[in-house]
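Here's a quick briefing to read alongside the model. Have a look at the structure first, then come back for the notes.

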Amino acid sequence: MTTLSTATDGAARGRGRRWRASGSRLRTSQRRAGLLFAVPVIVLELLLLAVPIAQAVYFSFTRWDGISSTWVGTANYARLFSDPTFWRVIENNLLLLASIPFAILIPLLVAYLLNEHVPGWRFFRSAYFLPTAISWVVIGMVALRVFAGEGILNHVLSAFGLGFIHTDLLSGELSAMVAVAITFIWSVFGTNTIIFITGMATLDRDVYEAARVDGAGGFTTFVQITIPMLMRFIQFAFILTLITAFTALFSLIFVMTGGGPGYGTTTLEFYVYQQGFQVGVFGYAAAIGIVLFAIVFAVSLAQLRIFRSRLD
Amino acid sequence: MGITRRRITRSLMFLILCVVVVVMLFPFVFMVLTAFKSEDQYISGNGFSLDSWAELFNVLPVVQELINSTVVTAGAVVLIIVVSTTGGYAFAKLGFRGSGMVFLAILAGMMIPMQSIIIPEFVNIARVAHLNNQYLGAVLVYAALGAPFATYLMTTYYRGIPSELIEASVMDGASYWQVFRKLMLPLSIPAITTVAVLQFIQIWDDLLIGLLFLNDPQVRTITVGLAVIQTGRVVNVPALMAGSLLSALPAVVVYLIFQRNLIQGLTMGVNK
């Protein structure tokens, strides 16, 4: 018995070695195939993403018109940080930042209501999500008619006997930015609602039942159970909304206000476009783009952390 | 008492949800109704006509722009699917020296805002590659911007396919290319659909890339054409709404058909 088992062990070991040898040949050819399959995406991202971001960093230290460039060190950044317009633009970004709590809280409440599955909740969900498919250009186009002096908003106000509030939001710097922010909140409402509904679907119904048995009301359960248990989804929605606010509103602003009146609705991303393609100072515009990148990068790193903690 | 209270609460909830629907859909109702009015009817608020459409086709080469949008969007979506499926297969299943690092680097691409690279990108495409005002230039830029997330999505999806399936096929003498074509691609149709839907909507709706890289009226997309006549402020509101409706329609149809895929792709970031 002992000899037999030793013999089979040996045979198995021998076969194992042979297997491993052919396995490693397999490994090599697999890796070669792996590299080949990855080449298209690597080349694309290298040429059209990695190289341009490196160029953007380099040219942000130059005076550049697209053809010739002169190294100017940190002059662009020095000029940027002493440029009052830049700080005016940052204020607009801060106003967008301040609007994010609304863009989170309203969808959170509505998702909570939808999750109760009142009649027609599927229709409600689809209707809320619809703007996600609509371009910012079209949204801006309609928003313009909503907020205009003779626009829909004023008609609605008069219809409710509130005609005395007659507003012309787009004509003032701050109020125009508020109009942009409202449109923005309206646009991301559906996306965030969907994120929260998805989150609520993962929650354990038993916890709610237990809370109800303990006599907790709807509002108490919402604040003490739903919100804490959805924290991961709230963080995700916050970061997504922030990145949208800072990098995806170009088209909306382009159509709605063109960045005005004055610099009233010029945000960082719009300022890059203005300085680059309307003024034509490419180096300076690149520096503004790098500042924007730094902000988004910092926020995204926070997001990556959330991803990581999920993966572990 | 308990049941009455519950009924009142639920009616109240229903009412709130209805109010939200009105707020969310009203702009679209306005758009659709206004699109079928003449300028006078728009001002007076009564009647319907097709004048706005005549005006729209008069001021905007609508058909050409729809063709341009279709070509650019389709080209970019196809390119994104090609690089993200091959790349996803490589990162999830095959691997190579440093593939983990390369994958992370591509994911990092998601953090780069379009506006941060737009100036060098424009100079490279327009003045170095001379692809300005050609479909290919915009297609490449859209593909490069969309591919990182698509690659992430495909890689995650392929990781869920058991490696034993691939190993068994390879043992049976199939090449890695055959495994990709006959096994991985058919298995990943749902993920590919999600990528296609997300990217279709994003690219069809985009303004900035089109505005810069396809500036010539001959190659302009419908979204760019619309934004440009809006800022010109010479076209009447009903015609603008007709244009808005027309440009929004393809993406809305795709949304209505593939709503589930869109939601899946969107919530992918937190769920998986």
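This is a predicted model: local features need pLDDT of at least 70, side-chain atom pairs count only at pLDDT 80 or more; totals for chains, interfaces and linings use all residues.

Residues are numbered from 1 along each chain as its sequence is written, while chains are lettered from A and ligands numbered from 1 in the order in which they are written.

**Where the chains meet**
- Chain B puts 75 residues into the contact and chain A puts in 71; two residues are in contact if their C-beta atoms, placed from the backbone, lie within 7 Å.
- On the chain B side, helix α1 (residues 2-35) gives the most, with 12 residues. Helices are DSSP runs of H or I with at least four residues, and strands are runs of E with at least two, numbered from the N terminus.
- That side of chain B divides into 51 nonpolar, 19 polar and five charged residues. Here Ala, Val, Leu, Ile, Met, Phe, Trp, Tyr, Cys and Pro count as nonpolar, Asp, Glu, Lys and Arg as charged, and the others, Gly among them, as polar.

**A helix pair in chain B**
- Helix α4 (residues 62-94) of chain B packs against helix α10 (residues 189-205) of chain B at about 145°, with the axes 9 Å apart. Axes are lines fitted to C-alpha atoms, for helices over the stretch in contact, and angles run from 0 to 180 degrees between N-to-C directions.
- Among the residues that meet are Ser69(B), Thr73(B) and Ala76(B) from α4(B), and Ile192(B), Val195(B) and Trp204(B) from α10(B).
- By class, this contact has 10 nonpolar, five polar and no charged residues.

**Two domains in chain A**
- The domain assignment, which is automatic or from a database, gives chain A domain 1 (16-71) and domain 2 (82-311).
- The C-alpha centres of these two domains of chain A are 35 Å apart.
- Their contact takes 10 residues from domain 1 of chain A and seven from domain 2 of chain A.

**A look at Val299(A)**
- Val299(A) sits in helix α13 (residues 282-311) of chain A.
- Leaving out residues up to four places away in sequence, Val299(A) touches Ile239(A), Leu242(A) and Ile243(A).
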